[in-house]
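I opened the model and kept notes as I went. The entries follow in the order I looked things up.

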Amino acid sequence: MIEIKDLKKVYNNVLVVNVPQLSIRQGESVGLVGNNGAGKTTLFRMMLDLIRPESGSVTSKGENVAGGETWKTYTASYLDEGFLIDYLTPEEYFYFIGGLYGKNRTDVDAFLASMSDFFAGEIIGKGKYIRDLSKGNQAKVGVASCMLQDSELLMLDEPFANIDPTTQFRLKNMLKEANSKGVTTLVSSHDLNHITDVCDRILLMEKGRIIKDIATTSSTLEELEQYFAIGPQAITETAEGPIESSTPAIDPEENH
Amino acid sequence: MTSTFIRHELKAFWRARNPGKSIAVQVVLGLFILYLLACAIGAGIFLDTLLKHNFPQDNVIVSFAGVLLLYYLFELLSRMQLQELPTLRVQPYLQLAIKRDTLVRYLSLTAMLSFFNVLPLILFIPFIIKVIAVKYGGATAAVFIFALLCIGFFNNYLALYIKRKASFNGWVLSIASISLMLIAAGDFKFHLYSIRAFSYTYFGSLITNPALVLVPLVLGIAMYYLNFLYIKDNLYLETLTKHKTLKRSTTEFPLLNRLGLVGDLVGNEIKLILRNKRPSSALKASVFFLFYGLIFYKNPHMPQAMKIFVGMFMSGIFIISYGQYMYGWQAGQFDGILVSRVNFKDFLRAKYLLFTMVSTAAFILITPYAYFGWKVVLIHFVMYLWNLGVNTTIVLYFANRNEKAIALSKGAAFNWQGTGVTQLLLSIPLLLIPYAVYIPVYFIAGRSVNAGLAALAIIAVIAIALRNFWIDKLAADFNKRKYKVAEGFRTK
């Protein structure tokens, strides 16, 4: 479904994303992990045509994402509060998003009723603008608006951050359910338990590069914990090449 | 500690990520401020001449003493509208081991850093030195200056106290403003009393009895402490950020809903304008502009060419004042717009529709100017078409080049945040093109106003007819720039 080729992004002469090749098949559930500054959000933004890569391309169903319009019709995404219209009430926002996808108010109301567990009585009918909601509740609005879109591709950046444990479990179930219906999911997180629980395939990013690409097994969590316990080596890669030559070895078998 | 606060404050100023001002803007702003200062200094130096001219039968000192209190009443009113509350800056210090008194004292003292506290000194000190010091000696002059400082001090803290109260209850500000206006009306409209006489009684007595200076001194200190205690009692996040817990309701615009996606987008933008402080004050300013014509049309000798300007501004001020910061108003959700299903052409169509709606409303509201002759309405109509055809497209062309986000929650008066070169460049075509069309045709057709207007109207109608063409061009242009624009909006 998604093909990434030679994708590079440079900020201040530092290579923040460098992905020579990555393909995500239809129906996969992919988790993206990595420490702060690993380049997860930058990668997401390039996949959504929000920032221009230095080189390389992202294609979705064969269409180049940059400058394309068709991918928007089947891609739902929530990266941060910058995706919400904060001076609307949540209801107004859902009606607006629903309208974009050809849903009338009755459809949206039915959807909102089905989400009432997820919202836990905090979102609908509270008489607040989105900007007056807490960070966690804003994230709930963002995630729910993605669900409302009945998309084929779902991209969420750290959806488990800021939300309460109960909602985290509900969100995991929602993601699994969506994936079982054939939705391709791409989720980043710092919570290794959640991400290995939800995703069948884990991508580990470090300094802009995908250094592990593994199918989730019973040992994956342990493997990731081991990696993060030691922490990545301090290397900085410039646009011209690595400053230090101590690049971590990539297992060719794992890096498919 | 205070010096640490000041150092932090300076760092915050210099390191602001998006100061919203480029060098060109700072130069223009600097010139503007210099001009205002020069005006104030000029008024200060020639105050005695001005007073003589306006009150020829009175002694200058009598008229000076009479004017002072009026000045301070007016100043209080302006302070309540314009002076900024120094508030949120203390937030990161609240939980640290710093005495509350230190924080509150810092907050209170920085409140004195206001243009309003400098202006009276520039205006009145030259007069006090030139006239009062010469006639009554240096000591009396010093007492006078000290009294003025005390009144300014009192006004400063009274205005802030009212504004702080008003942040919990919006009525406070209205009631305070209306009471001030009633006080003024009691003098000038109903002649119940004379503020000037009262002012003269006090300041005149000050010359003979310097001890009276204690009155404003005590008042000033009392107001300072009232303010000090109030801040100290309310040094909590929720009171500092003036969160209103009003019940917000979901609103629909049934007429717009029928227009489909473009209508929805306009509906959202109307909500943006009404629900955020800065755009809504820009809208209110546009309403104020509807009275712009009263200044000019009363003058029968005004050239027809000037009326083009007046007409353009009255129906188009919203396009200019709101449009110049586009799409910076939506900077907060711009990423969401880009990844959403909204086609950029629809986004542009919504902008055109919004401009058309507001301009049409303004055009209808200014028809009563027909009182000054139907020709005025004709000019209004031509300039209304011009706004819809030409100015909207110019504004949107520059919007594609604007990378500065707007902070929606700040007031609009004297707020230069988000002003850049784009806004300055934008004013050039807006002001010059109508004349570039009108003046040559006017002279070629033998000084015919009608020919000039007809030329404007024809170009405007052609431009309106070509809207879809402009939309295609603007969308193609935007696609080349969208990364830079979105990047700029992300660094708030």
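I started at A:N162, which counts as partly exposed because 14 C-beta neighbours lie inside 10 Å. The cut-offs I used: buried means 20 or more other C-beta atoms within 10 Å of a residue's own, exposed means 12 or fewer, and partly exposed is in between, with C-beta atoms placed from the backbone. A:N162 is not a glycine, yet its phi is positive, about 75°. I found A:N162 in the loop between β7 and α6 of chain A. Helices here are DSSP runs of H or I with at least four residues, strands are runs of E with at least two, and both are numbered from the N terminus.

A note on the source: this is a predicted model, where local features need pLDDT of at least 70, side-chain atom pairs count only at pLDDT 80 or more, and totals for chains, interfaces and linings use all residues. Residues are numbered from 1 along each chain as its sequence is written, while chains are lettered from A and ligands numbered from 1 in the order in which they are written.

I looked next at A:K61, in the loop between β4 and β5 of chain A. A:K61 also has a positive phi, about 50°, and is not a glycine. A:K61 counts as partly exposed because it has 16 C-beta neighbours inside 10 Å. Most residues other than glycine have a negative phi, and most peptide bonds are trans. B:Y327 sits in the loop between α16 (304–323) and α17 of chain B.

**Chain A: sheet**

I traced an open sheet of four strands, ordered β2-β1-β4-β5 (chain A), with antiparallel pairing. Pairing here requires at least two DSSP bridges between two strands. β2 (14–24) and β5 (63–64) of chain A are the edge strands; each has a single partner, so one side of each has no neighbour in the sheet. β1 (residues 2–11) and β4 (residues 55–60) of chain A pair in the antiparallel sense over five bridges. In that pair, A:I2 stands opposite A:S60 of β4(A). Helix α1 (residues 40–47) of chain A packs on the sheet and touches β1, β2 and β4 of chain A. The direction of α1(A) makes about 60° with that of β2(A). Axes are lines fitted to C-alpha atoms, for helices over the stretch in contact, and angles run from 0 to 180 degrees between N-to-C directions.

I then checked the domains, whose bounds come from an automatic or database domain assignment. Chain A divides into domain 1 (1–74 + 152–229) and domain 2 (77–150). Their centres, taken over C-alpha atoms, are separated by 23 Å. 15 residues of domain 1 of chain A are in contact with 14 residues of domain 2 of chain A. Contact means C-beta atoms, placed from the backbone, within 7 Å.

How many residues of helix α2 (residues 90–100) of chain A are buried? Nine of the eleven are, so the helix is largely enclosed by the rest of the structure. Among them are A:Y93, A:F94, A:Y95 and A:F96. Their cover includes α3 (105–114) and α5 (135–148) of chain A, together with α13 of chain B. After α2(A) comes A:G102, with a positive phi near 70°.

**Chain B and the interface**

Chain B has 22 helices and zero strands. I read its domains as 18–240 for domain 1 and 254–490 for domain 2. The centres of these two domains of chain B, over C-alpha atoms, are 37 Å apart. Of the 492 residues in chain B, 32% are buried.

Last, the interface: 25 residues of chain B are in contact with 27 residues of chain A. α13 (260–275), α17 (334–339) and α22 (467–490) of chain B each give two or more residues to this side. The largest share, six residues, comes from α13(B).

Conventions. Two residues are in contact if their C-beta atoms, placed from the backbone, lie within 7 Å.
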